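Subject: Handing over a structure

Hi there,

Here is the structure I promised to pass on to you.

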Amino acid sequence: RTSRNIVIGGVAGAIPPLVGAAAAAGHIGLGGWWLFGLVMVWTPAHFWALALLLKDDYAAVGIPMLPVVKGALFTSQAIGRYARLTAVASLAGTALLPSGGVLYGLLVLPLNGRLLQLSAALQRQPEERQRATSLFRFSILYLFSICGLILWSRSEAATLLSQQALHLLRHWPTGLLAGL
């Protein structure tokens with residue numbers, strides 16, 4: 001009923017990580033709340049990109065999606081804000097994940113870079129359908145990749161690589177050069 005329907009709906013869409021955390025651990029720890037927050041701030045950029053593509057359909061049936069109510073430029077700017085929030089929220093996993101968090105933090109950087117690049121491109125050309133399509137498609141891959149990195153960060157291999165990466169970072173630049 002409002003143009004902020006996706007923000008409100010993001011809360012409902014982010015509940016599954018809380019349910020999963022409670023089922024797996026018997027309680028909701030910081031990791032569950034972090035993933036809840038990440039999905040919640042990821043949702044608007046993802047769905048508003050789709051809403052830009054379906055703007056005419058939403059208008060025809062009277063659903064007040066943000067692109068219908070405020071237009072493509074305003075929506076692309078809102079997408080940019082939520083993409084930045086998503087990138088920041090994703091980095092919190094570096095501190096919250098177990099021993100593989102350092103490696104997660106390094107591997108999430110290119111994902112964040114691409115998310116921000118695509119949202120900036122959309123802001124430059126908010127009416128360009130291909131920009132919205134690219135952002136929408138990548139946002140699916142983004143969340144899937146984050147979940148994959150979370151799972152992988154819990155592996156023994158990731159723990160070892162994370163320890164090596166942390167060692168190299170602590171001894172920058174001489175440690176990095178010696179590691180090569």
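First, some ground rules. This is a predicted model, where local features need pLDDT of at least 70 and side-chain atom pairs count only at pLDDT 80 or more, while totals for chains, interfaces and linings use all residues. Residues are numbered from 1 along each chain as its sequence is written, and side-chain values use heavy atoms, with hydrogens and water left out.

**The whole chain**

The protein chain has 11 helices and zero strands (helices are DSSP runs of H or I with at least four residues, strands are runs of E with at least two, and both are numbered from the N terminus). Along the sequence, that gives the pattern α-α-α-α-α-α-α-α-α-α-α. The C-alpha trace spans about 60 × 40 × 20 Å along its principal axes. Of the 180 residues, 43% count as buried (buried means under 20% relative accessible area, exposed means over 50%, and partly exposed is in between, with a 1.4 Å probe and protein chains only).

Which residues form the nonpolar patch on the surface? They are Leu 91, Leu 106, Leu 107, Leu 109, Trp 152, Leu 161 and Leu 169, with about 580 Å² of accessible area together. Helix 8 (101-124) and helix 10 (156-170) are the elements that give two or more residues to this patch, and helix 8 gives the most, with three. Leu 109 has its place in helix 8 and is partly exposed, at a relative accessible area of 45%.

The other patch carries positive charge, and Arg 4, Lys 70, Arg 81 and Arg 84 gather there. Arg 84 sits in helix 6 (residues 72-91) and is partly exposed, with a relative accessible area of 43%.

A word on the terms: patches are made of residues with over 30% relative accessible area and no salt bridge, joining like charges within 9 Å and nonpolar side chains (Val, Leu, Ile, Met, Phe, Trp, Tyr) within 5 Å. A salt bridge is a side-chain nitrogen of Lys or Arg within 4 Å of a carboxyl oxygen of Asp or Glu. Lys and Arg count as positive.

**Buried residues in the helices**

Thr 86 also lies in helix 6. Is Thr 86 buried or exposed? Thr 86 counts as buried, because its relative accessibility is 1%. Its side chain reaches the backbone oxygen of Tyr 82 at 2.7 Å.

In helix 8 you will find Leu 122, which counts as buried at 0% relative accessibility. The C-alpha atoms of Leu 122 and Ile 63 are separated by 23 Å, and the two residues are 59 apart along the chain.

Ala 21 belongs to helix 2 (residues 15-25) and is buried, with a relative accessible area of 17%. Ala 21 and Gln 125 are 104 residues apart in sequence and 40 Å apart in space, C-alpha to C-alpha.

**A loop residue**

Finally, look at Gly 62, in the loop between helix 4 (55-60) and helix 5 (66-70). Gly 62 is exposed, with a relative accessible area of 59%. How many residues apart in sequence are Gly 62 and Arg 1? They are 61 residues apart, and their C-alpha atoms are 9.4 Å apart in space.

Enjoy exploring it!

Best wishes

Technical notes:
Areas by Shrake-Rupley, 256 points an atom, 1.4 Å probe, with all protein chains shown as cover. Charge placed at Lys NZ, Arg CZ, Asp CG, Glu CD. Polar contact = N/O pair within 3.5 Å; in protein donor to acceptor, adjacent residues only side chain to side chain.
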